[in-house]
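Work through the exercises below with the model open. Each task is followed by a stepwise solution.

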Amino acid sequence: MFVAATAAAQGPRIPRGGTGEPGYWVGLSYGYLDGTSMNDDATNSRWAFGYSSQIRATFEKTIQRGVAVGVSAGFATAPMTYQGFTSACLGGCAATADITQWLAFVHAGSGLGFHGMYNLEAGLTQFGNFRDKATGTDLASGSSNDFTFGLGGGLGYGVTPITDVYVGEQWDIILHSQGSTTNTDAPRQLTFRIGFRVGF
């Protein structure tokens, strides 16, 4: 009986919830944001964003095998052409702006070796800190907070049961108030992302 009890005590622990996966994940990724354009009702201007990079941090909780829910924070400073219809930059100024995203998401796909992965997300995209690239002049006061939602997918590789690396694309729709000059379609943002997740 003593030998059996010792062997049982040294056996592997069953992961929380019986999922065979860590209860929580943290992650970091580098994204490449496609350019997008939109009109802004509040400042009567047009924003034409160029390609830029994004750093994104994530925190997730496993809810069942291969599925987790989480929150993310993404940060980018994008080059752009800022055109003010009734103020400075009538012809368009080379500028920069901060794009910050606060999103909740559902992530599906994990395990050792190669596996597919899928994401559904929704939250806020914030545009702010518009500055003339040449002079540093502030071009727009305040910031815009726009509801955002989208989906994506890609390919992951489980290096260990608690380490996952991945590449994928995310397609988001940004509901931005464009006023009387609204476009037919809402602005869209495509992001190519590479990153990793670590479980605990």
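Buried means under 20% relative accessible area, exposed over 50%, and partly exposed in between (1.4 Å probe, protein chains only). The model is predicted: local features need pLDDT of at least 70, side-chain atom pairs count only at pLDDT 80 or more, and totals for chains, interfaces and linings use all residues. Residues are numbered from 1 along each chain as its sequence is written, and side-chain values use heavy atoms, with hydrogens and water left out.

**Exercise 1.** Which side chain makes a polar contact with the side chain of His-107?

Step 1. A polar contact is a pair of N or O atoms within 3.5 Å; within protein, one must be able to donate a hydrogen and the other to accept it, and residues adjacent in sequence count only if both atoms are side-chain atoms.

Step 2. The partner is the side chain of Asn-119, at 3.1 Å.

**Exercise 2.** Where do Asn-44 and Asn-129 sit, and what is the phi of each?

Step 1. Most residues other than glycine have a negative phi.

Step 2. Asn-44 has a positive phi of about 50 degrees. Its place is the loop between strand 2 (37-40) and strand 3 (45-49).

Step 3. For Asn-129, phi is positive too, near 55 degrees. Asn-129 belongs to strand 7, residues 113-132.

Step 4. Asn-44 is partly exposed at 32% relative accessible area. Asn-129 is partly exposed at 34%.

Conventions: Helices (H or I, at least four residues) and strands (E, at least two) are DSSP runs, numbered from the N terminus.
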